[in-house]
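Could you walk me through the sheets in this model?

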Amino acid sequence: METAASLADLGLKVALVERSETLGGQAAHWACMATTSCAKCSACLIEDSISRTSLHPGIQVYTHAEITEIRKENGHYEMDLVPARGSMKERNTHPDWPVKTPTTVQGNSVVLATGFEPFDPKNQRLLGYGHLPEVTTTKDLDDILKRDDLDAFLPKSENANRVAFIQCVGSRDRKNGREYCSQFCCKTSIRLVNRMKHLRPELDVTIYYIDLQIMGKEFRSFYEDTKKNVRFLQGVPAEVRPGSEVGSVKLVGIDPKTGLGMVEEYNRVVLAVGMAPDIRNQKLIDGFGLETNEFGFFASKDDSGLITTQTPGVYLAGACAGPSDIQQSRLQAMAAARRIAAGLVNGGATASQTA
Amino acid sequence: MDTQRIGIFFGDQQDALSGQLPLDKIVKTLEGDPSLFVTRITKSFENGGRSEIADLCREHDLAAAVFGGPTDQEFFELPLATDGESSTTIPLIRANLLERGAWLGKDESQAVDRVERQLRIAVAKARRARPIPLATRPVNRRVMVIGGNHGAYQSARNLSQAGLQVLLLKTSQPSGCFFPLTDDLEKSVAGDGNIEIRETAELSRIDGQIGDFHVEAILNGKRERFDVGAVVVAIDARVVEDGIAPEGPIVSLRGFMKQQAATKDGGETIAVLLDKNGPERRCAAEASLACAHENVRRGGKSTILFRNMPVYGKNGQKHYDEARAAGVQFLRYDEIEPEFKAEGGKLEATMVDSMVPDRAFKFVIDHLIQPAPVQPRLENPALASILRQPLDREGFLQPGNIRHLPVSSARRGILFAGGCHNDCDPFEVRYESDAVTSQILALLPEAPVSAPLEIVRVDQSKCASCLTCLRLCPHGAIESYLEHKSVTILSSACWECGICAAACPGQAIEHGSLSHDQLDDVLSVATEALGEQKPTLVFACQQSAVPSLNSAGRLGLTIPAEASIVEVPCAGRIDEGAMMDALARGAERVLVMGCHPEVCRSLKGNLLAEKRVNRIRAMLKESGLDPEKVQYHPIANNEPYRLVHILDHVIHPETQPAASAETTN
């Protein structure tokens with residue numbers, strides 16, 4: 001969206017192709033993290049972008065569209081779109097459904113901004129997600145906070161207030177081929193904790209981490225403030241076991257103070273899930289002749305050019321090229337727009353693709 | 001009179017609401033009013049509906065248009081003169097019924113009344129709306145870039161490649177960056193005919209607006225004036241080298257890197273100490289890793305002592321893995337900081353590894369390398385006041401307001417790149433200078449576009465030149481001419497927040513989409529009781545509360561029937577008078593909903609609104625009245641559930657629990 005808007009601001013015509021029914025991607029589901037002031041989570045910028053994009057005269061939005069074929073002809077790209085699978089009834093009755101029948105969009109350049117999938121920790125049996133009801137993820141917690149219903153996470157109680165966050169779930173994990181930092185989970189957890197403590201000062205929260213990534217504008221001072229009320233412990237627990245009663249679980253790990261094994265009991269455990277590549281990208285990979293990196297994200301041409309790909313005229317922005325948070329993605333989108341504008345003759349059409 | 005007729009246009013999208021919004025009934029009521037022209041457009045607003053409305057307005061000679069669908073536009077272009085020379089706009093008022101219809105709940109009779117009231121509010125606004133003239137302003141496509149390192153050179157090169165003229169002002173302050181400028185970049189900028197480089201400048205003033213800035217700087221003791229279209233501030237952060245001896249076993253990271261660059265081989269036994277002054281900055285961590293790795297490559301031995309290993313950024317984890325694979329040793333310390341003792345020209349390090357906390361171990365190194373702390377520059381406060389943009393929480397340039405991040409500011413045309421405003425590395429700076437370029441290209445188009453002129457304007461006959469507006473404007477959009485004792489609003493700089501209009505003690509400033517008269521008329525409609533029900537007047541900020549209200553509608557949440565919504569461009573547009581007026585006219589309560597602190601697009605509109613609310617509350621309390629009659633509640637544009645909880649609680653405090661994170665003011 002941000003690329004589309006930046007390009008359209010430069011006077012280019014943009015077709016924005018989106019697989020789901022609404023714009024916004026994963027981040028559109030994130031909750032506001034403000035407490036007594038804005039926590040700079042930037043989730044609200046998605047709402048801004050949606051209205052900016054959908055009302056921009058230079059942008060044609062195709063939501064709920066699926067790409068069936070990608071062709072390259074005379075230096076421009078053509079993509080055939082069909083209505084994405086989904087409710088036929090809705091598609092036929094919704095007057096604004098952009099892709100009712102198969103259609104074709106053209107563009108001189110293509111920007112892929114297909115985003116990411118949140119890591120699903122179900123297969124990491126030892127962490128208990130999916131079979132221990134006390135274990136949840138940062139994604140689920142975000143949904144709960146968006147609904148303004150913290151009770152759904154942990155009912156108010158005098159003596160069940162212990163919450164643990166486990167960082168780097170699905171990130172920095174050599175065993176499972178995910179040896180990369182997901183960039184956003186440290187900030188996400190710290191903001192979530194900060195918001196939860198604001199709503200329920202009585203919560204007793206511990207964050208287990210590998211290396212805290214205290215990066216980005218004003219985040220150091222935000223971390224210093226949060227640190228006053230939250231326990232940060234280096235080293236992530238290896239296992240979450242059922243506790244002595246319902247509503248409690250045991251974390252098994254190494255105590256950094258003694259170097260010995262430790263067991264600590266909590267009422268809730270939140271897994272900070274990282275970013276995983278979108279496995280539905282194969283059609284784009286084949287269609288545009290792209291490569292993926294060792295983790296499955298779109299590969300950029302070289303280390304320094306996250307934006308450019310092996311295929312001329314095809315660019316990347318956002319987390320589809322490797323984990324990045326909202327502000328980083330915005331920066332990449334603006335940067336991609338500048339590179340496309342530099343390479344295009346005036347008035348060229350451009351297709352952007354998001355998922 | 002025909003020319004005074006107002007058009008009401010329903011979008012085709014209303015069909016989607018059949019069953020929820022009894023449009024036909026509303027249309028019937030409205031059509032009894034001869035001053036209204038009610039019709040339905042066939043296309044959606046963004047796909048042709050806009051020009052359809054414009055054509056209909058022209059055809060039927062309408063004075064203003066009310067559109068019952070989503071749009072973020074308050075004015076649109078409509079040439080009135082046939083010779084094509086002068087053009088003006090027809091005011092377009094948004095009634096946004098699509099979502100409103102949904103949130104009215106299931107009770108149809110209530111829904112008709114309330115949709116009608118929302119429409120009448122829009123019509124009241126439309127009747128007093130004035131056409132806004134359009135003008136094409138010449139744009140100066142020369143850009144000033146300030147700074148002497150990566151951010152500045154990259155930006156200058158990108159801007160020049162994009163076809164803009166660049167004036168690169170190098171400041172007198174030394175570079176704070178760990179990474180020296182590459183020869184390639186330096187040469188290509190120096191040899192670029194579109195880039196003029198001026199050395200050792202000290203900024204002293206920036207007047208004017210995007211496309212037409214006048215910058216005053218002191219160059220080698222002489223005051224000079226430059227006319228440019230935009231300004232990119234791309235200086236470095238301050239790297240405090242004090243306290244680290246230039247010679248001896250303890251060396252600064254920059255010193256060691258210089259040494260490394262000067263020689264080709266010769267590895268030593270070194271330790272790099274990170275996180276000594278809090279979490280290490282991104283640039284310092286990157287540089288430390290690179291220099292430790294290089295030392296190993298040269299046959300030396302490198303140990304990095306750290307609390308948190310930064311693996312941030314695209315290549316963070318990769319560089320860390322590569323360094324480790326090459327043989328760089330990583331030791332994590334926790335509470336006990338490593339100690340170093342001089343020992344015959346070398347250093348003996350004592351270190352407690354966090355994994356083996358019960359014993360300390362010792363090793364000998366040739367050099368201890370310490371990255372100097374990266375801090376805001378000392379001249380930042382002065383620079384911030386020249387730029388008229390406050391510093392962030394940590395003293396760096398550019399406030400941490402996410403609406404203007406990553407590279408822009410609330411003052412259009414003032415942009416930032418590099419260490420002066422952000423935690424960055426050379427990789428990130430490249431993106432920043434790309435982003436700066438695309439933003440500037442959009443702001444300074446080759447063919448100037450016509451834009452509404454003076455949406456907010458000063459009535460000179462009422463202006464006492466007290467300069468309240470100048471002090472309050474967050475966008476640097478007010479210029480004073482002391483010699484004429486007057487102020488002017490710079491149209492291109494103005495974001496139309498209306499903070500000045502609300503604050504002006506003489507009511508000399510008129511806001512084009514919500515003037516004093518318009519607000520007056522809107523309040524008289526919005527405070528009318530519907531049956532027995534006295535309304536709760538909600539002043540809803542268009543950047544935060546309005547999108548959340550609309551989302552609430554889409555989600556099918558029910559807004560309490562008593563809420564009467566008045567959209568405002570920014571909470572800062574509403575002054576105490578308007579709040580009191582709403583109460584006096586019969587509103588049960590007044591609720592002002594704006595952004596959370598630090599995220600107002602106009603930086604402080606929300607804070608001003610809250611302050612005003614608090615003043616009224618204190619007054620009410622003093623007079624023995626209920627202070628809860630007037631309330632301020634911060635909300636984001638993505639909090640529909642919380643918004644409904646707040647409204648429920650404010651309107652029915654006895655029965656509804658408070659929304660989360662509600663701090664009583």
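What follows is a short exchange about a predicted model.

Biologist: In the three-strand open sheet of chain A, which are the edge strands?

Modeller: That sheet has the order 3-4-5, with antiparallel pairing. An edge strand pairs on one side only. The edge strands are strand 3 (65-73) and strand 5 (103-107) of chain A.

Biologist: How many bridges join strand 4 of chain A to strand 5 of chain A?

Modeller: Strand 4 covers residues 76-83 of chain A and runs antiparallel to strand 5. The number of bridges joining the two strands is five.

Biologist: Now chain B. What is the order of the strands in its open sheet of five?

Modeller: The pairing there is parallel. Strand 14 (250-252) and strand 17 (329-332) of chain B each pair on one side only, as edge strands. Neighbouring strands of this sheet are turned by 25° against each other on average, direction ignored. The order is 14-21-15-16-17.

Biologist: Which residue in strand 16 of chain B is the bridge partner of Ile270(B)?

Modeller: Strand 15 (residues 269-273) and strand 16 (residues 301-306) of chain B pair in the parallel sense. Five bridges link them. The partner of Ile270(B) in strand 16 is Ser302(B).

Biologist: At about what angle does helix 7 of chain B run to strand 14 of chain B?

Modeller: Helix 7 spans residues 253-262 of chain B. The helix lies across strand 14 and strand 21 (367-370) of chain B. Its angle to strand 14 of chain B is about 85°.

Terms used: Residues are numbered from 1 along each chain as its sequence is written. Chains are lettered from A and ligands numbered from 1 in the order in which they are written. This is a predicted model: local features need pLDDT of at least 70, side-chain atom pairs count only at pLDDT 80 or more; totals for chains, interfaces and linings use all residues. Two strands pair if DSSP finds at least two bridges between them. Helices (H or I, at least four residues) and strands (E, at least two) are DSSP runs, numbered from the N terminus. Axes are lines fitted to C-alpha atoms, for helices over the stretch in contact, and angles run from 0 to 180 degrees between N-to-C directions. Two residues are in contact if their C-beta atoms, placed from the backbone, lie within 7 Å.
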